[in-house]
Amino acid sequence: VIIVQPMRKLKESIRRLGNEDPSESTPIALTGPSEFIRIGMQLEWLRRRLMEVNEQKHEFLRHVSHELKTPLSSIREG
């Protein structure tokens with residue numbers, strides 16, 4: 001029980017992290033032995049990092065889209 005329940009929560013947290021948008025997922029906080037708590041803290045750090053990278057990706061795509069619109073508009077007008 002001491003190991004199995006935290007292990008199930010760990011597996012569920014990893015599954016959610018892989019399947020959901022990190023910004024929409026709930027924070028990860030594991031309980032149990034100290035090793036599981038440390039793993040939970042690392043997974044939470046990873047979730048936050050994924051949110052940052054996802055935001056950077058969206059910002060990059062917005063900039064690229066904007067930069068492409070300007071020359072395409074000039075070509076259409078010409």
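Reader: Which residues does leucine 43 touch, leaving out those up to four places away in sequence?
Author: Keep in mind that this is a predicted model. Leucine 43 touches Leu10, Ser13, Ile14, Leu17 and Ile28.
Reader: OK, and which residues make up the largest nonpolar core?
Author: Six of them: Leu10, Leu17, Ile28, Leu30, Phe36 and Leu43. The elements giving two or more residues to that core are α1 and α2.
Reader: Tell me about α2, then. How many residues does it have, and how far does it reach?
Author: Helix α2 covers residues 34-77, so to speak, 44 residues in total, and spans 65 Å from first C-alpha to last. That is close to the 64 Å expected at 1.5 Å a residue.
Reader: Which residues of α2 are buried?
Author: Phe36, Gly40, Leu43, Glu44, Arg47 and Asn54. What covers them includes α1, residues 4-19.
Reader: What about isoleucine 39, where does that one lie?
Author: Isoleucine 39 lies in helix α2. It counts as partly exposed because its relative accessibility is 36%. From alanine 29 it is 10 residues away in sequence and 9.1 Å away in space, C-alpha to C-alpha.
Reader: Switching to the surface: which residues form a nonpolar patch there?
Author: Phe60, Leu61, Val64, Leu68, Leu72 and Ile75, with about 600 Å² of accessible area together.
Reader: And why does isoleucine 75 count as exposed?
Author: Because its relative accessibility is 63%, and exposed means over 50%. Isoleucine 75 lies in helix α2.

Key
Residues numbered from 1 in each chain as written. Predicted model: local features only at pLDDT ≥ 70, side-chain atom pairs only at ≥ 80, totals over all residues. Heavy atoms only, no water. Helix = DSSP H or I, 4+ residues; strand = E, 2+ residues; numbered from the N terminus. Expected span 1.5 Å × (residues − 1). Buried < 20%, exposed > 50% of the residue type's maximum accessible area, 1.4 Å probe, protein only. Contact = heavy atoms within 4.5 Å. Core = buried A, V, L, I, M, F, W, Y, C linked by side-chain atoms within 4.5 Å. Patch = residues over 30% accessible without salt bridge, like charges linked within 9 Å, V, L, I, M, F, W, Y side chains within 5 Å. Areas by Shrake-Rupley, 256 points an atom, 1.4 Å probe, with all protein chains shown as cover. Salt bridge = Lys/Arg side-chain N within 4 Å of Asp/Glu carboxyl O.
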